[in-house]
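Good morning, everyone, and thank you for making time for this. Please keep the sequence and the picture in view while I talk, and stop me if you lose your place.

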Amino acid sequence: MKSTMHPLFEKALTRSLAIVAALVLALSVVGCGQNAPSTQEQPKAESAPAATESAATDQADAKTDVSLASWSKDSASLKKLTGYVEAVTNEESPDYIAPQDRIAVFDLDGTLMCETFPWCFEYMVFADYALNNPNYQAPEDIAAVAHEIVDSAWGKKPEGMSTRQAQAAAIAYAGLTPQELEDYCTKFKQSKAEGFEGMTRGEAWYKPMTEVVTYLQANGFDVYVVTATERNVVRAIVADTLNIEPSHVIGTEYGYEATGQGDTADGDYTFKDGDKVVFDGSYEGENAKMSKVDAMVREIGKQPVLAFGNSSGDVAMLSYTLSQNPHPSAAFMVLADDAEREYGDSDSASKKRTEWEDLGYTVFSMHDDFATIYGDGVTKKPQA
């Protein structure tokens, strides 16, 4: 007998009956003690708790495996840091901070890495590029700044040298791609750290502080390097030592342009296939003091809860971290007070300790808190 039902209604009814039949079949299978059919989009329900437990175990193991062995056994300053971390990572603690808000920022030179061999990496790689690179003929004014760096080694840092070095370096590197500068820095990392025996410039990291970076990352902190050193130089320095992405390096900026751009303004030029991005010889200003705060607001978008520095150029960054923070926060300064294993100045260090503690910072003393600075086999080598 021919159906009098509208074709669309008949089609819908047929589809509904098919769905009901499939559900009845699935329920009957489950009722027999079998697992319901699953797909890649619908994993077995019982596997979820196991995965969660595994992730929790992995996180606990990561915390357990992180070594802080380069620190003095009874370091009160380190205990302040670990006590803070334990509190803010404990979900039962009133000080708990969710992982997405655990932001830690570190200065580079003098905080994580040596700046006394005889000067910081950035100065020495520029001097080498300007004076020793066979592929570059430095103009007289650029060479003069490089000679000033070399000639002042083991003495007092000349007034205004940071600005002169950055301006000269920006001009010297003009025409290089960022990768070409990073490659030059990577090669320079293999040269000897002149103020020491037993390590290269690329190995000149404060072991206690690199352990802190790893420890924080294992506890869910997002770590940034915020420094006055040029950004691409820092990316090369950090590579192979710290597990920090290039996007997490914030530093002084040199200007860029496209190779086909000529004198056309950035706002009027469209990047073309075949163009390369190269340094244009300009210097955007040193990323120090308030500039560090400005850069963090722009690039991180969140107020850090932990900050680490070593000089007056870092005070703004540390004070910003502590000021009106919606989360528990802490700030730490590395104090160069070890004259035997490093080039510390006890008189200057004493004044800095008082100043920094008055600002609410915790001091990491190289002399008291670092069981080792650079590791076994590294000794200070004073120069004449």
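**A walk through the predicted model**

D240, in the loop between α9 (231-238) and β4 (249-252), has a phi near 75°, which is a positive value in a residue other than glycine. K289 is found in the loop between β6 (277-283) and α10 (290-299), and its phi, near 55°, is also positive although K289 is not a glycine.

Let me now step back to the whole chain. The protein chain has 384 residues, of which 44% are buried, and its secondary structure comes to 13 helices and 10 strands. If we take the contacts in the chain with a separation of 6 or more, 71% of them are between residues 24 or more positions apart.

Next, the sheet. In what order do the strands of the open sheet stand? There are 6 strands, in the order β4-β3-β1-β7-β8-β9, and the pairing is parallel. At the edges we find β4 and β9 (362-365), and since each of them has a single partner strand, one side of each is left without a neighbour in the sheet. Ignoring direction, neighbouring strands of this sheet are turned by 20° against each other on average.

We can follow some of these pairings strand by strand. Between β3 and β4, which run parallel, there are 3 bridges, and V226 has I250 in β4 as its bridge partner.

Strand β1 is joined by 4 bridges to strand β3 (residues 222-230), with the two running parallel, and the partner of I103 in β3 is D222. Strand β1 is also joined by 3 bridges to strand β7 (residues 306-309), again in parallel, and there F106 stands opposite F308.

Those last two residues lead us into the interior. In general, nonpolar side chains tend to be buried together in soluble globular proteins. Which residues touch the most other members of the largest nonpolar core? That core has 80 residues, and the ones in question are F106, F126, Y173, M209, L216, L306 and F308. The element that gives the most to this core is helix α4 (residues 121-132), with 8 residues. Apart from it lies another core, of 20 residues, which includes Y224, V293, M296 and V363. As for M209, if we leave aside its neighbours within four places in sequence, it is in contact with W71, F106, T111, L112, F308, V334, F364 and F370.

I would also like to show you one pair of helices. The axes of helix α5 (residues 140-151) and helix α6 (residues 161-172) come within 9 Å and cross at roughly 135°, and α5 and α6 are therefore oblique to each other. Their crossing is left-handed. From α5, the residues I142, V145, E148 and I149 meet M161, R164, Q165, A168, I171 and A172 in α6.

My last stop is H367, in helix α13 (residues 366-369). With a relative accessibility of 48%, H367 counts as partly exposed. Not counting residues up to four places away in sequence, H367 touches D337, D338 and R341. Between H367 and S346 there are 21 residues of separation in sequence and 9.8 Å in space, taken from C-alpha to C-alpha.

Conventions
Residues numbered from 1 in each chain as written. Predicted model: local features only at pLDDT ≥ 70, side-chain atom pairs only at ≥ 80, totals over all residues. Heavy atoms only, no water. Core = buried A, V, L, I, M, F, W, Y, C linked by side-chain atoms within 4.5 Å. Buried < 20%, exposed > 50% of the residue type's maximum accessible area, 1.4 Å probe, protein only. Contact = heavy atoms within 4.5 Å. Pairing = 2+ DSSP bridges. Axes fitted to C-alpha atoms, helices over the stretch in contact; angles between N-to-C directions. Parallel < 35°, antiparallel > 145°, perpendicular 65-115°, else oblique. Left-handed = near helix turned anticlockwise from the far one by under 90°.
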